[in-house]
Amino acid sequence: MEKSFKSSAANYGLILGLILALITVFAYVFMLELYTKLWFGVLLLAVIVITGTLAAIKARKLLGGYISFKNAFTAYFIAILIGTLISTFANIVIFNFVDPGAAETLKEMTMETTRQSMENWNVPQEQIEKSMEEMAKTNSYAIGTQLQSTAFILVFECLIGLIVALVVRKKDPNAVA
């Protein structure tokens, strides 16, 4: 049974990766500015968490309606790991090989959005300029930067996964303690 729930979680991960890659391609082709919107990032995070949660729930069903915290977290983690890695790969391909110019365009758009936000929050001009200088030096779409961001995102998603595993777990009352 254990292999079954892990392969099910892997399938959820593949589905998640496909969904995220399609969203990435859609945003790249039709609305590049989506990458500068906070709600877009929140939407992607929600898709990831929902898919991971569904993987954990499916694992519980495959295990006869009962699942340990460890197995619930494992199912969640396998799904989000695979999905997030596929999404990262799609971003790397698009912004480093297919159209590196799009990464520069996004950088400029992000800088302008950040500048406007900082001005709206009455951040001192010297601090805004310092932030703009730092952003100008950074390539957020470089392969190494994307891999590093993926690692941080996975850590954050795992924290959510711990909560999901607590909610999804269900002890078998007939099991020996």
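How are α3 and α4 oriented to each other, roughly parallel or roughly perpendicular? I opened the notebook with this point, keeping in mind that the model is predicted.

**Entry 1: two helices.** I looked up helix α3, residues 69-98, and helix α4, residues 100-120. Their axes lie 4 Å apart, and the packing angle is about 100°. Angles of 65 to 115 degrees count as roughly perpendicular. I therefore wrote down α3 and α4 as roughly perpendicular to each other. Next I listed the residues that meet. From α3 there are Ile94, Phe95, Asn96, Phe97 and Val98, and from α4 there are Pro100, Ala102, Ala103 and Leu106. By type, the residues of this contact divide into eight nonpolar, one polar and no charged.

**Entry 2: the whole chain.** I stepped back to the overall picture. The protein chain has six helices and zero strands, and the pattern along the sequence reads α-α-α-α-α-α. I noted a box of roughly 65 × 35 × 25 Å, taken along the principal axes, which the C-alpha atoms fill. Of the 177 residues in the protein chain, 33% are buried.

**Entry 3: aromatic rings.** I found eight aromatic pairs in the structure. One of them joins Phe26 and Phe30, with 5.0 Å centre to centre and 45° between the planes, and this pair is tilted. Both residues are in helix α1, residues 2-30; they are four residues apart, which means a separation of about one helical turn. Phe30, at 59% relative accessibility, counts as exposed.

I then turned to Phe95 and Tyr141. Their ring centres are 4.6 Å apart with the planes at 45°, so this pair is tilted. Buried means under 20% relative accessible area. Phe95 has a relative accessible area of 2% and is therefore buried. Tyr141 has a relative accessible area of 16% and is buried.

Phe95 had already come up in the contact of α3 with α4.

Entry 4: Ser8 is found in helix α1. What does Ser8 touch, not counting residues up to four places away in sequence? I wrote down Lys58 and Leu62. Ser8 counts as buried because its relative accessibility is 10%.

Ile23 has its place in helix α1 as well. With residues up to four places away in sequence not counted, Ile23 touches Phe40 and Leu44. Last, I checked Ile23 against Ser87. The two are 64 residues apart along the chain, and their C-alpha atoms are separated by 9.2 Å.

Key. Residues numbered from 1 in each chain as written. Predicted model: local features only at pLDDT ≥ 70, side-chain atom pairs only at ≥ 80, totals over all residues. Heavy atoms only, no water. Axes fitted to C-alpha atoms, helices over the stretch in contact; angles between N-to-C directions. Parallel < 35°, antiparallel > 145°, perpendicular 65-115°, else oblique. Contact = heavy atoms within 4.5 Å. Nonpolar A, V, L, I, M, F, W, Y, C, P; charged D, E, K, R; others polar. Phe/Tyr/Trp six-rings, centres within 6.5 Å; stacked < 30°, edge-to-face > 60°. Buried < 20%, exposed > 50% of the residue type's maximum accessible area, 1.4 Å probe, protein only.
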